[in-house]
Amino acid sequence: MSKVFEIPLYPYARHADQDAQAPVRHPIVIVGAGPVGLALAIDLVLRGQPVVVLDENDKVSRGSRAICFSKRTLEIFDRLGLGDGLVDKGVEWNLGKVYFDERQVFAFNLQPEAGHKRPAFINLQQYYLEQHLVDRCRVLESEGKPISLRGSNRVTTVRSDPDGVELEINTPEGPYHLQADYLIACDGAASPIRGMLGLDFLGRVFEDNFLIADVVMPDGKFPTERRFWFDPPFNRGQSALLHKQPDNVWRIDLQLGWNIDKAEESKPENVIPRVRAFLGKDTEFELEWVSIYTFQCRHMERFTHDRVIFAGDSAHQVSPFGARGANSGIQDAENLAWKLDLVLRGDAPTSLLASYDAERIAAADENIRHSTRATDFITPKSEISRLFRDAVLDLSEKWPATRPLVNSGRLSTPATYDASPLNGPNNAGMPPRTRPGSVAADVALSDGWLMDRLTGGFQLLTINVPAPDVVTVGNISVHRLALDRSDDLNGLLSARYLGSVGSGVYLIRPDQHIAARWTDYDEASVIKAVKGALGMPK
Amino acid sequence: MKLNTLPNIAEADDFYADLIAAHEGLTKAESDAFNARLILLLANHIGDRTVLSEALSAAAK
Ligand SMILES: Cc1cc2nc3c(=O)[nH]c(=O)nc-3n(C[C@H](O)[C@H](O)[C@H](O)COP(=O)(O)OP(=O)(O)OC[C@H]3O[C@@H](n4cnc5c(N)ncnc54)[C@H](O)[C@@H]3O)c2cc1C
């Protein structure tokens with residue numbers, strides 16, 4: 001049986017654009033049909049924007065790559081209409097175990113916090129995620145939505161000026177040209193478009209090599225846990241990770257260090273003994289995919305360059321500990337989609353796009369900070385750093401005190417845009433977790449989940465407060481979501497949104513982030529905050 | 001300043017003797033590891049980030 005990543009899911013087909021006399025102009029061209037490009041395309045199409053997606057390939061990601069997808073990613077995919085399928089296919093896990101040398105130091109349960117529709121994480125092969133995204137594109141296409149996914153379309157030249165973008169594309173039947181109002185470069189870590197525009201990366205470069213082996217163990221010998229080893233006997237001086245994926249596939253991640261011979265290390269005759277030492281000599285396994293990866297922590301100085309905007313790995317890269325690559329890229333996509341839509345409609349000034357840079361660069365900095373810290377704990381860079389790392393692990397075997405310092409990756413949580421230029425008033429007496437800039441916190445309501453009620457436009461969430469059903473600001477309609485005590489199933493609405501105050505009014509952005517909050521409704525303040533969240537002068 | 005920089009240990013001489021005694025018979029590497037564990041346990045006990053930051057800079061001078 002062939003694997004899903006061996007099947008051309010969007011094979012090349014000639015498009016009328018290739019026969020046009022003059023280059024056809026599209027509002028949005030997305031380059032790259034990875035998780036980020038596809039998520040962005042779906043979001044934009046659901047907002048009514050026509051999109052063209054170009055990819056040099058015609059298949060989903062070869063081999064698994066990303067395997068951990070966060071709650072925030074699932075919430076975004078719920079809004080895009082594919083959350084259920086992913087959760088059904090994915091594996092949920094809560095138990096983590098930490099080993100040091102030959103012994104288990106401690107185990108922890110990622111006790112899921114009550115009152116959320118989605119778990120903190122699911123494990124799922126990246127190729128399945130991409131397959132679900134492609135399927136969703138196909139459904140939208142069959143409903144007549146203007147989404148054109150073009151396989152074997154390789155972008156070879158990009159020219160950008162303040163008015164638009166001109167690109168040349170190579171296909172199996174030769175080249176053609178397109179124009180775009182905006183080109184979104186979701187073309188991955190090696191981003192050819194970054195190179196074409198002569199742009200490069202900034203920041204601390206951290207380098208290491210990891211052997212990634214996805215193995216199939218039919219007898220399901222290992223339980224559904226995350227196991228992490230510091231300095232194990234089978235990989236001295238390095239780290240190792242074992243994690244379950246659907247279909248009895250296990251991710252083995254062995255750190256190899258910097259000075260290695262990659263070609264030599266990837267040979268099956270070298271990989272198999274390493275995996276055998278890791279799994280025990282009697283464990284039967286089959287290699288599904290092996291690869292050696294080098295990771296770097298860095299991001300572009302700016303993500304927006306005239307009419308070319310970078311999102312996902314093309315804009316920023318992190319080490320794998322914390323599962324922040326695809327998860328943060330998908331948050332780039334949701335951040336950009338509504339802004340681009342409103343700017344193209346003329347409902348918001350072009351300057352709204354500057355907030356994409358401000359918010360997502362801050363998020364990239366946060367992700368890089370987390371993954372750099374994890375990397376420094378896993379691979380101490382000095383003698384004293386190793387001394388403290390080992391002391392933390394030694395103490396943790398006996399005392400809970402130092403366990404919070406054990407860092408094998410802090411799993412991805414969404415960034416709070418504390419310094420966003422779009423934020424409006426805050427009421428400091430309300431709970432910190434729902435302050436302006438943060439993602440709305442889910443809550444079980446008497447008739448479903450709060451996140452499912454935040455459907456992608458501007459909304460005014462009111463709790464125990466009268467307010468009009470719609471507030472209009474220019475072409476933007478802000479619809480009210482009216483809740484009161486009777487909706488609060490288990491007190492969490494009050495705990496997460498009111499705290500010590502008796503009522504609340506929240507302005508929610510199209511990406512489910514909170515823009516402003518008050519205890520009472522005041523029309524003029526709400527209108528001012530909506531304008532602020534649209535990037536209009538305050 | 002939140003860090004207590006005034007004398008605070010009763011029977012200070014006894015504590016000091018205990019500290020030195022705890023290192024007796026340890027190699028340099030074992031002593032270093034012991035110190036690291038001790039710092040981590042004490043830091044956790046203090047907990048207060050301001051006090052910890054002030055102690056870090058006071059110790060650096
Ligand atoms: C071993 C490993 C483990 C990982 N684990 C996790 C994890 O658990 N969680 C997580 O969130 N992330 C993880 N990541 C990171 C994750 O895989 C990436 O962040 C993610 O794939 C980035 O998505 P993207 O859409 O930005 O880029 P990509 O997935 O790289 O997609 C880029 C696309 O652009 C296309 N393209 C490139 N150049 C051109 C061109 N000139 N013309 C047309 N098309 C072009 C490519 O064909 C490709 O389809 C992991 C990565 C690795 C390698």
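In this predicted model, eight residues of chain B are in contact with 10 residues of chain A. About 750 Å² is buried between chain B and chain A, and carbon and sulfur atoms give 87% of that area. The model has an ipTM of 0.97 and a pTM of 0.95.

**Interface between the chains**

- On the chain B side, B:Arg37, B:Leu40 and B:Leu41 lose the most area to chain A, and together they account for 59% of what that side buries.
- Helix α10 of chain A (residues 383–398) packs against helix α2 of chain B (residues 28–46) at an angle of about 65°, and the two axes are 9 Å apart.
- Angles of 65 to 115 degrees count as roughly perpendicular, and α10(A) and α2(B) are therefore roughly perpendicular to each other.
- The crossing of α10(A) and α2(B) is right-handed.
- From α10(A), the contact draws on A:Leu387, A:Phe388, A:Ala391, A:Val392, A:Asp394 and A:Leu395; from α2(B), the contributors are B:Asp32, B:Ala33, B:Ala36, B:Arg37, B:Ile39, B:Leu40 and B:Leu41.
- By class, the contact of α10(A) with α2(B) comprises 10 nonpolar and three charged residues, with no polar residue.

**Packing of α1 and α4 in chain A**

- The axes of helix α1 (residues 35–46) and helix α4 (residues 126–142), both of chain A, come within 10 Å and cross at roughly 25°.
- This angle makes α1(A) roughly parallel to α4(A).
- The crossing in which α1(A) passes α4(A) is left-handed.
- In α1(A), the residues in contact are A:Pro35, A:Leu38, A:Ala39, A:Ile42, A:Val45 and A:Leu46; they meet A:Gln126, A:Leu129, A:Glu130, A:Leu133, A:Val134, A:Arg136, A:Cys137 and A:Leu140 in α4(A).
- Sorted by class, the residues in the contact of α1(A) with α4(A) are 11 nonpolar, one polar and two charged.

**Packing of α8 and α9 in chain A**

- Helix α8 (residues 325–345) and helix α9 (residues 352–378) of chain A have axes that come within 9 Å and cross at roughly 170°.
- That crossing angle makes α8(A) roughly antiparallel to α9(A).
- The α8(A) residues A:Ser328, A:Gln331, A:Asp332, A:Asn335, A:Leu336, A:Trp338, A:Lys339, A:Leu340 and A:Val343 meet A:Leu352, A:Leu353, A:Ser355, A:Tyr356, A:Glu359, A:Arg360 and A:Asn367 of α9(A).
- The contact of α8(A) with α9(A) contains seven nonpolar, five polar and four charged residues.

**Model confidence**

- The pLDDT of chain B averages 97, and 100% of the residues score at least 70.

Note on methods
Residues are numbered from 1 along each chain as its sequence is written. Chains are lettered from A and ligands numbered from 1 in the order in which they are written. This is a predicted model: local features need pLDDT of at least 70, side-chain atom pairs count only at pLDDT 80 or more; totals for chains, interfaces and linings use all residues. Side-chain values use heavy atoms; hydrogens and water are left out. Axes are lines fitted to C-alpha atoms, for helices over the stretch in contact, and angles run from 0 to 180 degrees between N-to-C directions. Helices (H or I, at least four residues) and strands (E, at least two) are DSSP runs, numbered from the N terminus. Angles under 35 degrees count as roughly parallel, over 145 as roughly antiparallel, 65 to 115 as roughly perpendicular and the rest as oblique. A crossing is left-handed if the near helix is turned anticlockwise from the far one by less than a right angle, and right-handed if clockwise. Contact means heavy atoms within 4.5 Å. Ala, Val, Leu, Ile, Met, Phe, Trp, Tyr, Cys and Pro count as nonpolar, Asp, Glu, Lys and Arg as charged, and the others, Gly among them, as polar. pLDDT is the predictor's confidence in each residue, from 0 to 100. Buried area is the accessible area (1.4 Å probe) that two parts lose on being put together, summed over both.
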